[in-house]
Amino acid sequence: MATVEIKNVRKSYGPVEAIKGIDIAIQDGEFLVLLGPSGCGKSTLLRMVAGLESITGGQVVIGGRVVNDLEPKDRDIAMVFQNYALYPHMSVFDNMAYGLKIRGVDKAEIESRVAKAAEILELGRFLTRRPSQLSGGQRQRVAMGRAIVREPAAFLFDEPLSNLDAKLRTQMRIEIKRLQDRLGITSLYVTHDQVEAMTLADRVLVMNHGVAEQIGTPLEVYQRPASLFVAGFIGSPPMNVLDAVIDPSGQGVMMPGGALLPLARPRPNDANRPVKLGIRPEHLAINEDGLDTSPVLVELVEALGADTVVYGRLPDGEPLLIRMSGLPSCTEGDRLAVAPQPGALHLFDTATGRRLED
Amino acid sequence: MSNEHTAGPHSVGRRLIDLVPHIVLIVGVLIFAFPIYVTLIGSTWDAATIGRGSLPMTPGGEAWTNYSQAWSESHGERASYTPVRLMLMNSLIMALSIAVGKIAISILSAYAVAFFRFPLRMVFFWMIFITLMLPVEVRIIPTYKVVADLGMIDSYAGLAIPLIASATATLLFRQFFLTIPDELVEAAKIDGAGPLRFFFDILLPLSKTNIAALFVILFIYGWNQYLWPLLVTNSADMETIVIGITKMIGTGEAANDWNLIMATTVMAMLPPVAVVVFMQRWFIKGLVDSEK
Ligand SMILES: Nc1ncnc2c1ncn2[C@@H]1O[C@H](COP(=O)(O)OP(=O)(O)OP(=O)(O)O)[C@@H](O)[C@H]1O
Ligand SMILES: [Mg+2]
């Protein structure tokens, strides 16, 4: 167990800069999720921590030791890969034991560690099987077993659940969560699935184009997205983003159609400032108390059972998503008066896309 | 096979169509098997019977005499030969050295080319590739000169070493190594396996099937070598079986000891057959628990 510090780490492939300086200190026992769209550099960052990719600039510190120039095997980390990367010709037992054998751990110790890991992961029955004789979920558990028996300072996961079907993914997600609670080993977990990120993470690092857009707990990232990118990436369906203007008194924001939405905290200094206004679909509700809102034209209604997603359009033509719980209460062609819940407005700078703090 | 699957109420014409491939195959097998059958029969008759030119199609009673004479004696009734015992050993040593040597060298060079980044990597790869265009026959004179200058005439080293380098096997192994996922290599790195460990613990076991298949091909290639052993061996003690058989038939002056030639030929066929039969179990096993 140890802390992992990433200090201004950069990576260039020739002229292309894939990681543009990332800073984060991961606490002992913390579960950090690296979340971002495809190609944003999540794997590259993880692989630099693992030692599989050279570090162009900055430092990686594991357990107080700068590991930039250490081989992967000397970094005291274990990694779980998306395609499991099990040794096809070895039994489940040997797959888990191999790293220990190389390190010269004695036989009795190996057996007890593998037995313990097999018990935690419910792999006891499969120890003599080959990987080809296991299901995808079982293979991924073996891959995790291989990491656990090493008792490393940190676990690195690169999209470990992406090859599994949706149901199994949910199940394995819960298992990883339990495992983490039980073992408390510092973990870095790469995913592009926000549900995985929200459920597993102690903290999430949201990445885009090689920079950290935001680092925070899952709730912080959801409730106070630091930028338009994070706002759009986290949450499903994505946040509505509208062009709006702070009203002259600084008490509210003016919607494109002219409707005025009150701000939880007035911003007199920003009077008349154009802003990007973000409202999550689930924070919009059909307006019953007669507040001054724009009528929304309903274009499409998706009934998901527990929820209903309404694809609407504001008077000026801007699209607007609304998510309501329960079954649909409107149909295509209706005009709805909707209003955001109080305190559910997010304001972003039009030029930089950064959040305007209140 | 298809007969069983399509079994059911169908016409005579259909049945005939099914029969045709079988007949063709059977005829083919007969054509290939017939000379071998003649050889087998010939090795059981005495020289005089065969010499008359009308070989019976049923086994005779001289098998034991012919085989034991060919196996261990250095002369027949009409000429003298190297005993089969010696020639088989020479051929075996040569074929085994070539097969094992080729596999060892090519798997190592393929390992280097496929997994390591070093200066001039592609240059080396292309150099290996280009030697495909230079089979033994093309470079035989310079090779002979080198081997002679090194004093390797009439030695097993001289027989085997010049035939060991193999671009084909290198390319085959490289192709196979490229199909091994990067993550597997990385997982081994993280587990702490250095290059040598990775090679012996992971790459070699995974190449089992490929090695078995190549071994069969290369053993037979080595066994059948003719031109090179002919050049590089002078003494009768170093003769390989292929050379021995040609020499037995070769002279044309005296009538040949056909009975001994047939017995020798039968014995010459056995080791390659044994290798095929034995190794077949290996790659069928490899195919059956084919694992990804
Ligand atoms: N060997 C390389 N040479 C050049 N560019 C590379 C190399 N490896 C990665 N890149 C680039 O670096 C960027 C980050 O890649 P990376 O694999 O880290 O993305 P990722 O966030 O893991 O994406 P995904 O979710 O698809 O796995 C990409 O734009 C990619 O094109
Ligand atoms: Mg990736």
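Predicted model: local features only at pLDDT ≥ 70, side-chain atom pairs only at ≥ 80, totals over all residues.
Buried area is the accessible area, for a 1.4 Å probe, that two parts lose on being put together, summed over both.

Chain A is divided into domain 1, spanning residues 4-233, and domain 2, spanning residues 240-349. The contact between them takes eight residues from domain 1 of chain A and seven residues from domain 2 of chain A. The centres of the two domains, taken over C-alpha atoms, are separated by 39 Å. Zero salt bridges are counted between domain 1 and domain 2 of chain A, whereas two residue pairs are in polar contact, both at pLDDT 80 or more. On the side of domain 1 of chain A that touches domain 2, the elements that give two or more residues are helix 7 (218-223) and helix 8 (228-233) of chain A. Helix 7 of chain A gives the most to this side, with three residues. By class, the side of domain 1 of chain A that touches domain 2 has six nonpolar and two polar residues, and no charged residues.

The contact between chain B and chain A was examined in the same terms. Chain B contributes 18 residues to this contact and chain A contributes 25 residues. The area buried between the two chains is about 1900 Å², with 61% given by carbon and sulfur atoms. Two salt bridges are found across the interface of chain B and chain A. In one salt bridge, the side chains of A:Arg150 and B:Asp191 meet at 3.8 Å, N to O. Nine residue pairs are also found in polar contact across the interface of chain B and chain A, both residues being at pLDDT 80 or more. Helix 10 (182-191) and helix 11 (195-206) of chain B each supply at least two residues of the side of chain B that touches chain A. The largest share of that side, eight residues, comes from helix 10 of chain B. By class, the side of chain B that touches chain A has nine nonpolar, one polar and eight charged residues.

Ligand 1 was considered next. The residues around ligand 1 include A:Tyr13, A:Ala18, A:Thr44 and A:Glu159, together with A:Cys40, A:Gly41 and A:Lys42. A polar side-chain atom of A:Lys42 lies 2.7 Å from an oxygen atom of ligand 1. Backbone atoms also take part: a backbone N or O atom of A:Gly41 is 3.0 Å from an oxygen atom of ligand 1, and a polar backbone atom of A:Cys40 is 3.2 Å from an oxygen atom of ligand 1.

Definitions and conventions:
Residues numbered from 1 in each chain as written. Chains lettered and ligands numbered in written order. Heavy atoms only, no water. Domains from an automatic or database assignment. Contact = heavy atoms within 4.5 Å. Salt bridge = Lys/Arg side-chain N within 4 Å of Asp/Glu carboxyl O. Polar contact = N/O pair within 3.5 Å; in protein donor to acceptor, adjacent residues only side chain to side chain. Helix = DSSP H or I, 4+ residues; strand = E, 2+ residues; numbered from the N terminus. Nonpolar A, V, L, I, M, F, W, Y, C, P; charged D, E, K, R; others polar. Near = heavy atom within 4 Å.
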